[in-house]
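Subject: Structure handover

Hello,

Here is the structure I promised to send over.

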Amino acid sequence: MKKALLALALTAAFGVANAAQNVNTDVVIVGAGGAGLAAAVEAHDLGAKVIVVEKMAFPGGNTTRAAGGLNAAATPLQQAKGIYDTPEIMFFDTMKGGHWKNNPELVRVLANHAKDSVDWLLALGGDFHDVGLMAGATKPRTHRPTGGNLVGPEVVRTLYTAAENRKVDIRVNTKAEEILKNAKGAATGIKVKGPEGEYVINAKAVVIAAGGFGANNEMVAHYVPRLKGFSTTNQPGATGDGMIMAEKAGAKLIDMTEIQTHPTVVPGNGEMITEAVRGNGAILVNHEGKRFYNELETRDNVSAAILKQTDKNAFLFFDSDMQKSLKATNNYIKQSYTVTGNSLDEIAAKMKVPAAALKQTMTEYAAAVAAKNDKQFGRADLPRPLNKAPFYAIIVTPAVHHCMGGIKIDTKTQVYGQNGQIIPGLFAAGEVTGGVHGGNRLGGNAQADIVTFGHIAGQQAYIYTRLNK
């Protein structure tokens, strides 16, 4: 009910644009998530006339559900906190996390320019002043709202407000159905279906920023059969339309079998518990009351470890000290899926795990924190001993989270055709693309990806329109 009311409220706030027949523009953007909005703001600021189409009732896409943060290296915010980090270290972490399957040229762009994305968002009025550590990173580089609040809503708020202030034409409830091309194979616009029927948006450049296909389990299972029936963290609109449409227009798709599961999702309702909870100190405990893996390993490895436990799930366990360090936990502890105890005996009973085993686990973990050495599982970052009541536990299991594969692009976000040549006038950014994350995405790199490459897509689309008048 709450989600339905939120949708209605957002629809009322954003409105529904009146669809005109066969309109003309410089740049048309498919998708009003983080990548699409970033492209729209940048293209507009450079001087292009922009139209954005969004099939859902309100902008935001999967970005609205992003929790952890935005990774960036060598930012002034890191330096102010005494954190030494470089784009080279971020490059290495990203390539290693992606099992070296990433396109290194794209990762170089991400690592070198993510700091510019943070600066840009801050200049637009965003709050990304908190810096934390997330799994797979060797340095704290995850930028998020003050106190560790959820990052996605702030990215959407910042970019949508910028687009609204610029009076960018954003058309919700409007689905792109086909990419139009001329006799030379260049993109010349899109065919859409909106509230007033089908029409054409003629454009000098087209940007596809329609997101992934995590909410389309049939498509997910087609590429990775073992994920058939898995729940998802994605919003309902993440069904792969942009990839399918681009492929029909001749675009090449890559890495389509690289689909990531997020390890900490509440079974049955699909709510993702942000990775920042583990990054700020939480541990994973199984039904036997024991730790079983390094909580800060990459998402694919943590997911695999959880699936080996009893009932293919585990508990995310933390204390009041950790809870106070991260505002994102405030909503979690209010929900029925979170159990609370004023002692280890009390919470063990509620978790239905052996109290003696849980006590031993927490004693051993506190000793590891004191020694700054996790001999059991090699966790490098041990921020707190988790010994301050009340204690909290949330049962979690993996769910489909991110599609690393998608449209093949170059460093200018130009789209490759199936013939290996660039499709003139066609650009893509965000989760709809492949190559940036390789075989596994690090938490915090999605927001860096969508803002950085969305910004580039807007810039390059504008340049293309001026070079091809």
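The second largest pocket lies between domain 1 (23-258 + 404-467) and domain 2 (261-400), because both give residues to its lining. The domain bounds come from an automatic or database domain assignment. This is a predicted model: local features need pLDDT of at least 70, side-chain atom pairs count only at pLDDT 80 or more, and totals for chains, interfaces and linings use all residues. Residues are numbered from 1 along each chain as its sequence is written, and side-chain values use heavy atoms, without hydrogens and water.

The pocket first. Its volume is about 400 Å³ (the space filled by probe spheres set on the grid points, which are joined across faces, edges and corners). A pocket here is an open set of points on a 1 Å grid over the protein atoms alone, where a 1.4 Å probe fits, with protein on both sides within 12 Å along at least five of seven lines; lining residues have an atom within 4 Å of a point. There are 20 lining residues, and Lys96, Gly136, Ala137, Thr138 and Leu296 lie nearest the centre.

Now the interface. The C-alpha centres of the two domains are 31 Å apart. Contact (heavy atoms within 4.5 Å) links 27 residues of domain 1 with 26 residues of domain 2. The buried area is about 2000 Å², with 58% from carbon and sulfur atoms (accessible area, 1.4 Å probe, that two parts lose on being put together, summed over both). In domain 1, Leu133, Ala135 and Thr233 lose the most area to domain 2, together 25% of what that side buries.

Best wishes
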